[in-house]
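The tour goes from single side chains out to the whole fold.

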Amino acid sequence: MTKQKFLMQGILLTAFSLFLRVTNIGYRSYLSAKIGAEGMGLYQLIFSVFMLAVTLSTSGISLAVTRMVTAAIAANRRGTVRSVVTKCFLFCLTVSCTIAVLLLVFSDFAAAVILGYKGAAGSLRILALGLPFMSLCTCMKGYFLAVDESLSTALSDAVEQVLTIFAAVVLFWYFAPQSIETACLTAMLASTFGEAVSFLSGWAAYRRSLRRNTPKKAEPGRGVLHGMFHIAVPCTLSSAARSMLSTAENLLIPRELKRCGLSEAQSMASYGLLQGMAMPMLYFPSSFLSSFASLLIPKIAREFEQKHRRAVAHITEKAVGAALQFGVFCAAVFFAFGEDWGRAFYSSAEAGGYLKILAPLVPLLYLDVVVDSLLKGLDEQLNSMKYNFTDSLIRVLLVLCFMRFSGMPAYIAILFFSSIFNAMMSLSLIHI
């Protein structure tokens with residue numbers, strides 16, 4: 001990929017990413033107005049459980065497809081690309097349908113025992129139906145990255161976001177749900193609808209792309225199963241372990257807040273303010289970095305495979321420097337205007353207060369976005385997963401030890417410690 005094409009794709013992807021982040025913030029603002037901070041807390045908890053199923057269905061798939069298709073193209077074996085991606089599709093469908101069935105079967109148990117809200121079972125069942133669509137979209141994303149057509153994925157994501165929001169507005173207007181469980185069910189139904197449409201849009205783009213990038217006569221792709229087990233399966237297992245810890249952390253936060261003296265409604269509202277409102281806004285400017293970071297994966301993978309060490313070091317140094325500089329600038333903006341933005345978007349001074357308090361974390365959070373892509377390109381994803389797992393385990397233990405005594409201030413301190421630890425460990429892998 002030439003520098004001009006890389007820059008142009010990065011700019012266009014950033015524009016799409018900004019659109020997605022802006023509409024997501026607007027959507028969350030709309031939801032918070034409809035269901036309140038307590039409802040946002042339950043909404044976030046349901047998604048935290050669902051994300052474990054998503055991790056098991058999708059983690060490592062995109063990276064595996066990107067690396068295998070990139071290797072085939074670099075070796076001038078484009079005829080094998082169709083076979084490689086088709087086998088990956090079958091792998092994705094098998095795994096995601098299995099996980100979806102398990103989620104459907106155990107949705108009542110998860111809602112009653114894990115979430116503590118029996119009425120949330122319907123939301124989990126609705127989300128389970130979207131798992132196969134999400135898994136296949138992840139597979140196509142890996143292919144589009146490898147053939148330098150990331151805009152196709154961005155367009156599908158934009159279509160999904162717009163239709164999800166449109167469906168949610170229509171459903172809320174038509175059904176006017178009264179309880180927070182029913183309101184969450186309505187939002188999840190809209191989300192699953194968006195996933196299905198996103199898959200159809202991506203599939204059409206994928207078929208067109210195959211005609212452009214591969215010969216009509218397909219050749220059998222070899223080593224696909226080995227590639228999936230080498231990249232996707234270890235990533236899935238590591239990500240699943242981390243996702244389980246992350247889910248446990250999210251479930252523990254409102255429970256530990258209750259032990260600290262808050263009521264159930266207050267603890268859920270505090271959780272919703274931080275994780276459902278403040279954190280998504282804190283990550284919003286990372287759109288400028290995440291688009292370019294995703295393009296780095298095939299670029300640095302090619303340089304690494306060809307043993308161009310100086311090129312790898314140059315790309316790495318530039319990417320890390322840009323992430324830190326941008327993060328420092330955004331941190332200053334959040335510190336100066338966080339409270340105003342909280343009032344403007346969520347009509348909540350408390351959410352704005354969290355933005356100001358957490359502003360110093362922004363450079364480390366954005367650095368993690370870039371370093372994660374670099375490590376994937378350098379085939380260091382397993383070591384990265386080990387550090388991420390350790391980080392998640394420490395966070396859960398710290399939540400259990402300290403939140404019951406100090407509440408949310410303790411959790412904020414835990415976030416600071418975790419971000420510093422994760423950044424130090426990740427940077428040690430890229431040898432800057």
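Select Arg404. Its relative accessibility is 30%, so Arg404 counts as partly exposed. On this scale, buried means under 20% relative accessible area, exposed means over 50%, and partly exposed lies in between, with a 1.4 Å probe and protein chains only. This is a predicted model, in which local features need pLDDT of at least 70 and side-chain atom pairs count only at pLDDT 80 or more, while totals for chains, interfaces and linings use all residues. Residues are numbered from 1 along each chain as its sequence is written, and side-chain values use heavy atoms, with hydrogens and water left out.

**Stop 1**

Which kind of link do the side chains of Glu256 and Arg404 form? They meet in a salt bridge, 3.2 Å from N to O. Glu256 sits in helix H9 and Arg404 in helix H15 (residues 381–406), so the pair ties together parts that are 148 residues apart in sequence. Helices here are DSSP runs (H or I, at least four residues), and strands are E runs of at least two, numbered from the N terminus. A salt bridge is a side-chain nitrogen of Lys or Arg within 4 Å of a carboxyl oxygen of Asp or Glu. Side chains of opposite charge can pair when their charged atoms come close.

Is Glu256 buried or exposed? Glu256 is buried, with a relative accessible area of 2%. Arg259 is exposed, at 54%. Show Glu256, Arg259 and Arg404 together: salt bridges link them in a network.

**Stop 2: a pair within helix H12**

Go to Arg343 and Asp340. They form a salt bridge, and their closest N and O atoms are 3.6 Å apart. Helix H12 (residues 309–346) holds both, 3 residues apart, about one turn of the helix. Arg343 is partly exposed, at 43% relative accessibility. Asp340 is also partly exposed, with a relative accessible area of 44%. By the same cut-off, the count comes to 5 salt bridges.

**Stop 3: Ser59 in a loop**

Select Ser59. Where is it placed? Ser59 is in the loop between helix H1 (3–58) and helix H2 (61–74). Ser59 is buried, with a relative accessible area of 13%.

**Stop 4**

Start with Val85, in helix H3 (residues 81–105). Its relative accessibility is 0%, so Val85 counts as buried. Which residues does Val85 touch, leaving out those up to four places away in sequence? Val69, Cys139, Tyr143 and Tyr206. A contact means heavy atoms within 4.5 Å. Then pick Thr153: it is 68 residues from Val85 in sequence and 16 Å away in space, C-alpha to C-alpha.

Next, select Thr192 in helix H8 (residues 180–213). Thr192 counts as buried, at 12% relative accessibility. Beyond residues up to four places away in sequence, Thr192 touches Ile126, Leu127, Leu129 and Gly130.

Then move to Val370 in helix H14 (residues 362–377). Val370 is buried, with a relative accessible area of 4%. Show its contacts, again not counting residues up to four places away: Leu289, Ala293, Ala319, Val320 and Ala323. Leu429 is 59 residues from Val370 along the chain, and their C-alpha atoms are separated by 13 Å.

**Stop 5: the whole protein**

Zoom out and color by secondary structure. How many helices and strands are there? The protein has 16 helices and 0 strands. Along the principal axes, the C-alpha atoms fill a box of roughly 65 × 45 × 35 Å. With 432 residues, a compact globule would have a radius of gyration near 22 Å, and the protein agrees at 21 Å. That radius is taken over C-alpha atoms, and the globule rule is 2.2 Å times the number of residues to the power 0.38.

Color by burial next. Buried residues make up 55% of the 432 residues. Finish with the contacts: among those between residues at least 6 apart in sequence, 83% join residues at least 24 apart.
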